[in-house]
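I opened the notebook to record what I looked up, entry by entry. The sequence and the structure come before the notes.

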2 protein chains.
Amino acid sequence: MSLPRIAVDAMGGDEGVRVMIDGAAEARRRHDQFQFLLVGDEARIKTALDSHPNMRGASEILHCDDVVGGDELPTKALRRAKTTSMGLAVNAVKIGDAGAAVSAGNTGALMAMSKLALRTMPGIDRPALAAVMPTLEDDDVIMLDLGANTEADARNLVQFAIMGAAYSRIILGRKPRVRLLNIGTEENKGFDRLREAAAELQNATGLDMQFDGYVESDKINRGEVDVVVTDGFSGNIALKAIEGTARFVTDLLRNAFTSSLRSKIGFLVSRPATELLKHHLDPNNHNGAVFLGLNGVVVKSHGSATAGGVANAVTVAARLLEENLTQRITADLAALHALKGDVDSNGSAEK
Amino acid sequence: MSLPRIAVDAMGGDEGVRVMIDGAAEARRRHDQFQFLLVGDEARIKTALDSHPNMRGASEILHCDDVVGGDELPTKALRRAKTTSMGLAVNAVKIGDAGAAVSAGNTGALMAMSKLALRTMPGIDRPALAAVMPTLEDDDVIMLDLGANTEADARNLVQFAIMGAAYSRIILGRKPRVRLLNIGTEENKGFDRLREAAAELQNATGLDMQFDGYVESDKINRGEVDVVVTDGFSGNIALKAIEGTARFVTDLLRNAFTSSLRSKIGFLVSRPATELLKHHLDPNNHNGAVFLGLNGVVVKSHGSATAGGVANAVTVAARLLEENLTQRITADLAALHALKGDVDSNGSAEK
C-alpha cells in the first residue's frame, strides 16, 4: 500500500514558492516514496518544478490565487479557508486527498484553519504546537505547547504530556522521560494546575512514558529530559529565549573572532569546530513544528527556513504519517482512561 | 556625610564565609568608602579577614551561630529571623544599623524575611526581583520580576515597570526604554492583564521612561530595550532559559574546540576572542539581583558566585544606596498618581 501523500502550501513563508518546492524535492531525494499535492500558483510552481525531474511523477498541482498574509488576523484568514493555498492544503487532509499538510505561512491562521477543518481528536480538548530542539546529548528534546493555547489547565497539561510522549517515542524509539516546566523542582513551586497535573501523571504508571516531575528552563537542553510540557505562553517564552540566546552567543562569537587579526587566524584554523557548532544550532536542522491532537497531521515550517529546513519539515510530516502518530495518541488516551476507571465512551476524562 | 554601611550575610551561599569576605574586600578595593557589618560566625569571619588589611577599620562583626539552609522552606526559615545570619543582616537594615543587606543564601527565605522586616514601600503592592543581563550593545538590560511573585496583575506590572525604570536610570543615566514581555508584538497577543498594563503605561506620558509596547523573549538581549517587565513565573522561565542556553552553547563550543588537533590549535590562537566571550557571558559579571519595592535595599548574590561575583553584588547594593533608589521610585509613583488624578494620600493607585 502506498503512503498517503503530503499537501504542501507552496505560497506560505517569507522565501516564496521556490524554497518550498526545492525543499519538497530535497525531502523526496532522501525518501523516494513521497507523493505531493502542491497548492498555490500553478505557473510559479511549474517553473520551480523545472529544476526537479525527481518530482515530475510524484506531484499534482492544485491551483489557487489567494494567499494568507503573514500579519493577517487568524479570524480574518479563516473566512478564506476555501480559497487560500493554506486553507486548501489543510482541506486536502480533511477530505482524505492528503495525509498531512505542511505550511510556512502565518502560524495563528494555520492553527485556526487546522482546528476548524480537522477538529481535535476524541479525548483531546485542545491541540498543542510541539517542536524538537537539540540537547548536549545525542537525543533531541520535544517541547509543547509553544503557543497554540495561551493558557492550559491541569487536564490540558496531562493531554499534552501524552501527545508529546507519543511523538517522542517515534523519534527516540524508547519510553520517553517527561517533565513539566516549572520555576523550581520542589513540590510547592509554581501553580496549582502544575501540581494537579504532576499528581495525575505520577499516578498514571501504566503509560508508555516515565514521568520525572518538574524541569527548570535552564535544564531543557541538558539531555536529562525527552518531553517538556507547559502552557503555550510559558513554552513560547522559553523557546524564543533559547533561540534568541543561541543567536546572541553566536553573534558575540562572530564579533569576538573578527576583532583582531590573531582571532581571525584562529577562526580560520578552527573552522571545523565552528562549523560543527553552527550545524548543531542552525534552526533549519530542527525545522517543522507539529500541531498535535488533530485528526490529521499539520506541520508548520519556519517562515524563513531554507530549502533544507523545508525538507526537514516535510520529512517530519512523512515520519508522523508512517508511524501513525494519531493512532498512538488514541491508544495512550485509552490506557490513561482505563487506569482512571473512566467509562466515558468518547474517551474524554471526567473530572 | 558618610554613606550608610552594608550588612553582609557571611554564611549564605554554597562557597562559605571566605568567598563572601573576599568579595566584600574586593568591592572595598574598588570603592574605599564602603563600611560593612559582617554577620555570622565570628571566628570564621576573623580568619577570612586576616587576608584583608583594607577591611580592618571598615568592618564590624555581628556574631551568630544559626544559618538558613539552602533547601529550607521560607515559612520555616522565617521563624528564625532573629537568630540566623540572613535574618540579622536584613534586620540591620530595618533598625537603621545598615543601609543595605547582601546575602547569597536561600532566595525564597531572603524574600520572605525582607518582606516581613522591611515591608513594601507606600504605593507598591508587591516587591519584585530584578536582575541585570548583558546585551549585544554596550548597555545592560534589566528584567523583573524573576520569581518573587508567581503571578502578577496589570497593576503589579505597572508598578514593576516604574521600579525597573528607576533602577535602569541609575545604571544608564538616561530615560530607559521599557517593554512588557509577551509572545508576540501584536496588540491582541497574550493575556488581558498585559493589554491593561500596556494601556496604562502608554497613557502615563509624564513618567521618566519611554514605553515601547511588547517584547518577545528572543529580543531581550538585542540592545533594543532597557527594562523587560513580566510576572515572576514567565520572568524566571525566560531568565533560566537564557542562562541555560548560554551555558549550552559554550559547552558545545568547548566540545567542538577540543574535538580535533586542528581545532585545539585554532582555540589556542583565538584564545583572546574566546576569553572576551567568556568574560561577557560569565554570570559573575552581572551578579546581584535586587528586591525592588521594599523600604530598604536587599541584594541577592548567586549561591555559586566567586569572590568577584560577590564584589559585584556588594557594588550593586552600594550604588543603589548612593543613588537613592527608594526615593526615586517614590517620586515616580507620585508622578503616576498625579497623572491619573488620584487623591489617595498614601500613594496607592485606586482602581
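Entry 1: cysteines. I call a residue buried when its relative accessible area is under 20%. I looked up C64(B) against that cut-off. C64(B) has a relative accessible area of 7%, so C64(B) is buried. I then turned to C64(A). Its relative accessibility is 7%, so C64(A) counts as buried too. I note here that the model is a predicted one.

Entry 2: chain A as a whole. I listed the secondary structure of chain A. It has twelve helices and eleven strands. How much of chain A is buried? Of its 351 residues, 58% are buried. I looked up the contacts in chain A with a separation of 6 or more. Residues 24 or more positions apart account for 71% of them. I took the accessible surface of chain A next. The total is about 14,200 Å². Carbon and sulfur atoms hold 49% of that surface.

Entry 3: N221(A). I located N221(A) in the loop between β8 (210-215) and β9 (227-229) of chain A. Is N221(A) buried or exposed? Its relative accessibility is 5%, and the cut-off for buried is under 20%, so N221(A) counts as buried. I then looked for a polar partner of the side chain. A polar atom of the N221(A) side chain lies 2.6 Å from the backbone oxygen of P134(A). I listed the contacts of N221(A), leaving out residues up to four places away in sequence. In chain A, N221(A) touches M133(A), P134(A), T135(A), L136(A), V141(A) and I242(A). From chain B, F248(B) is on the list as well.

Entry 4: aromatic pairs. How many aromatic pairs does the structure hold over all chains? I found four. One of them joins F34(A) and F36(A), and this pair is edge-to-face. I checked the burial of both residues. F34(A) has 4% relative accessibility, so F34(A) counts as buried. F36(A) has a relative accessible area of 0%, so F36(A) is buried. I went on to F233(A) and F191(B). Their ring centres are 4.7 Å apart and their planes stand at 45°, so the pair is tilted. This pair crosses between chains. F233(A) belongs to helix α8 (residues 232-257) of chain A. F191(B) sits in the loop between β7 (177-181) and α7 (192-203) of chain B. Both F233(A) and F191(B) are buried.

Entry 5: charge over ring. I stayed with F191(B) and looked for a charge over its ring. The charged end of R193(B) sits there, 4.0 Å from the ring centre. I looked up the counterpart in chain A. The charged end of R193(A) sits over the ring of F191(A), 4.0 Å from its centre.

Entry 6: V90(B). I placed V90(B) in helix α4 (residues 85-94) of chain B. Its relative accessibility is 1%, so V90(B) counts as buried. What does V90(B) contact, leaving aside its neighbours within four places in sequence? I listed A101(B), L110(B), M113(B), S114(B), A117(B) and L118(B). I also took one C-alpha distance. V90(B) and L116(B) are 26 residues apart along the chain, and their C-alpha atoms are separated by 9.8 Å.

Entry 7: backbone geometry. I looked for cis peptide bonds. The bond from L144(A) to D145(A) is cis, with omega near -5°. D145(A) is in the loop between β6 (141-144) and α6 (154-172) of chain A. In chain B, the bond from L144(B) to D145(B) is cis, with omega near -5°. D145(B) lies in the loop between β6 (141-144) and α6 (154-172) of chain B.

I then checked for positive phi outside glycine. R119(A) has phi near 65°. I found R119(A) in the loop between α5 (107-118) and β5 (128-133) of chain A. At 53% relative accessibility, R119(A) counts as exposed, because the cut-off for exposed is over 50%. R119(B) has a positive phi of about 65°. R119(B) is in the loop between α5 (107-118) and β5 (128-133) of chain B. Its relative accessible area is 52%, so R119(B) is exposed.

Key:
Residues numbered from 1 in each chain as written. Chains lettered and ligands numbered in written order. Predicted model: local features only at pLDDT ≥ 70, side-chain atom pairs only at ≥ 80, totals over all residues. Heavy atoms only, no water. Buried < 20%, exposed > 50% of the residue type's maximum accessible area, 1.4 Å probe, protein only. Helix = DSSP H or I, 4+ residues; strand = E, 2+ residues; numbered from the N terminus. Contact = heavy atoms within 4.5 Å. Areas by Shrake-Rupley, 256 points an atom, 1.4 Å probe, with all protein chains shown as cover. Polar contact = N/O pair within 3.5 Å; in protein donor to acceptor, adjacent residues only side chain to side chain. Phe/Tyr/Trp six-rings, centres within 6.5 Å; stacked < 30°, edge-to-face > 60°. Lys NZ or Arg CZ within 6 Å of the ring centre and 35° of its normal.
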